[in-house]
Structures are given as structure tokens and as C-alpha cells.
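This briefing goes through a predicted model, one topic at a time. Please keep the sequence and the structure at hand while reading the points that follow.

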Amino acid sequence: MLNESIIILFGIEEHMKESDPDKRYTFVNIEHAEKRISDFWNTINSDKVNVNILKDTDVGTCQIDGSTIIWIEVPQADYRERPVYINGNPMKGSFKRNHEGDYHCTQEEVKAMFRDASDSGNDGGLLQGYTMEDIDTPTLRSYRIPFGHPTMAIRPFHKVSLVQQHSGLVNLIAHSAMWFI
């Protein structure tokens, strides 16, 4: 996925009833732009937002038709920084952008972001109290297809192919560094 960002502009007024594109937007001068930017940085670096993902180069001003406009380019947060939320509550303060609007994230979406942000990942730990009898044999068999199980005749001499079904799972883990030999 491409790293996407959005640009927020302050000082542009939209006239919804205007059909002429040249007249639909007008520029409104932002008074005391530097003070407003300073206030923004103070807020974004406070406990209002759980993490600041912006750099100094992501915020600035520009002049358009004699008006000072403030722009903020908000980058997409790295998966390890998600969710980015406000007011100390990820379940109520996490938003997502869909098309032209920002919408509250569902609890499931927030939980998924926390899960995805984990350094250990979902498959990094050992589960206690399970045995090989808990493995679903048809699922294991379908997983082994790309590794050339002898009955599949794809890669008959691959390391995983040369062992019995359950010991193949252990072998797969033990030889994970050699999968693409």
C-alpha cells in the first residue's frame, strides 16, 4: 500500500451553492498565522493526541491572492503508531478517512490496529496447553501444498515433503530460513 497523506487547508471558504468552479472557493486571510501554528504545535504535543506523527516540515503557510493560508500535511501513521486518537480514548477518539469525510472507527477496527501494532505479531507466541491433536489436519494439508507434499507432486524433494504430516509442521518451523531454497 502506498503511504498516503492528507492536506488540511485553513483560510479557504467554500460556497456550496456556487456552480462555477472559479467562484466556488475564496481565500480568507488567516490573522496571526504564526501564533495559530504555535498553538497547534502546543496542542498536538500535549495529551490531546496520543502520538504526534507530524514533523516541522508538515506544517506551514503560503500566500494565495494576498491571503495567508495555513496548510498541514498529515501523513499516514505507521502501523506501529496506530491508532492515533484524541482525548485519551481510543474507542471514541479514533477516526478514519473515507473519501471526503472523517468517520469514527468501530471498536473492531481499533482493536485490529492495536493487534497489528504489536511487535511480536499475532503468531509470535507459543500457546500453552495445546497438542498436535488440536491441529486441523485438512488445514495443515492445504498449507503444505505449496511446499510440495509428495501426494501433490509439486516439489517432491522439498524438506517439508520428506517428513510425516505432524513432524512436517515442526520441520517447517525449524527450517523457516530455508523456505525458498
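S94 sits in the loop that connects α3 (90-93) with β6 (95-98). With a relative accessible area of 0%, S94 counts as buried, because buried means under 20%.

**Surroundings of S94**
- Leaving aside residues up to four places away in sequence, S94 touches P83, V84, Y85, N89, Y103, H104, C105 and V110.

**D58, in another loop**
- D58 belongs to the loop between α2 and β4, and it is buried, with a relative accessible area of 8%.
- The side chain of D58 has a polar atom 2.8 Å from the backbone nitrogen of K55.
- Although D58 and I72 are 14 residues apart along the chain, their C-alpha atoms are separated by 5.7 Å.
- When residues up to four places away in sequence are not counted, the residues that D58 touches are I53, W71, I72, E73 and P75.

**The sheet and the helix packed on it**
- Three strands form an open sheet in the order β1-β5-β4, and their pairing is antiparallel.
- Because β1 (5-10) and β4 (59-64) are at the edges and each has a single partner strand, one side of each is left without a neighbour in the sheet.
- From one strand to the next, the twist averages 30 degrees.
- β1 and β5 (residues 67-75) run antiparallel and are joined by six bridges; within this pairing, I7 stands opposite E73 of β5.
- Helix α2 (residues 33-44) packs on the sheet, where it touches β4 and β5, and the direction of α2 makes about 155 degrees with that of β4.

**The largest pocket**
- The largest pocket has a volume of about 1,500 Å³.
- Its lining is made up of 43 residues, of which I6, V74, P75, V84 and F95 are the closest to the pocket centre.
- The elements that contribute two or more residues to this lining are β1, α2, β5, β6 and α4 (107-117).

**Backbone geometry**
- N87 lies in the loop between β5 and α3, and its phi is near 60 degrees, a positive value in a residue that is not a glycine.
- H32, which is not a glycine either, has a positive phi of about 55 degrees, and it is located in the loop between β3 (25-27) and α2.
- Is H32 buried or exposed? At 62% relative accessibility H32 counts as exposed, because the term applies to values over 50%.

Notes: Residues are numbered from 1 along each chain as its sequence is written. This is a predicted model: local features need pLDDT of at least 70, side-chain atom pairs count only at pLDDT 80 or more; totals for chains, interfaces and linings use all residues. Side-chain values use heavy atoms; hydrogens and water are left out. Two strands pair if DSSP finds at least two bridges between them. Helices (H or I, at least four residues) and strands (E, at least two) are DSSP runs, numbered from the N terminus. Axes are lines fitted to C-alpha atoms, for helices over the stretch in contact, and angles run from 0 to 180 degrees between N-to-C directions. Contact means heavy atoms within 4.5 Å. Buried means under 20% relative accessible area, exposed over 50%, partly exposed in between (1.4 Å probe, protein chains only). A polar contact is a pair of N or O atoms within 3.5 Å; within protein, one must be able to donate a hydrogen and the other to accept it, and residues adjacent in sequence count only if both atoms are side-chain atoms. On a 1 Å grid over the protein atoms alone, a cavity is a set of points where a 1.4 Å probe fits but cannot get out, and a pocket is an open set with protein on both sides within 12 Å along at least five of seven lines; lining residues have an atom within 4 Å of a point. Grid points are joined across faces, edges and corners, and a volume is the space filled by probe spheres set on the points.
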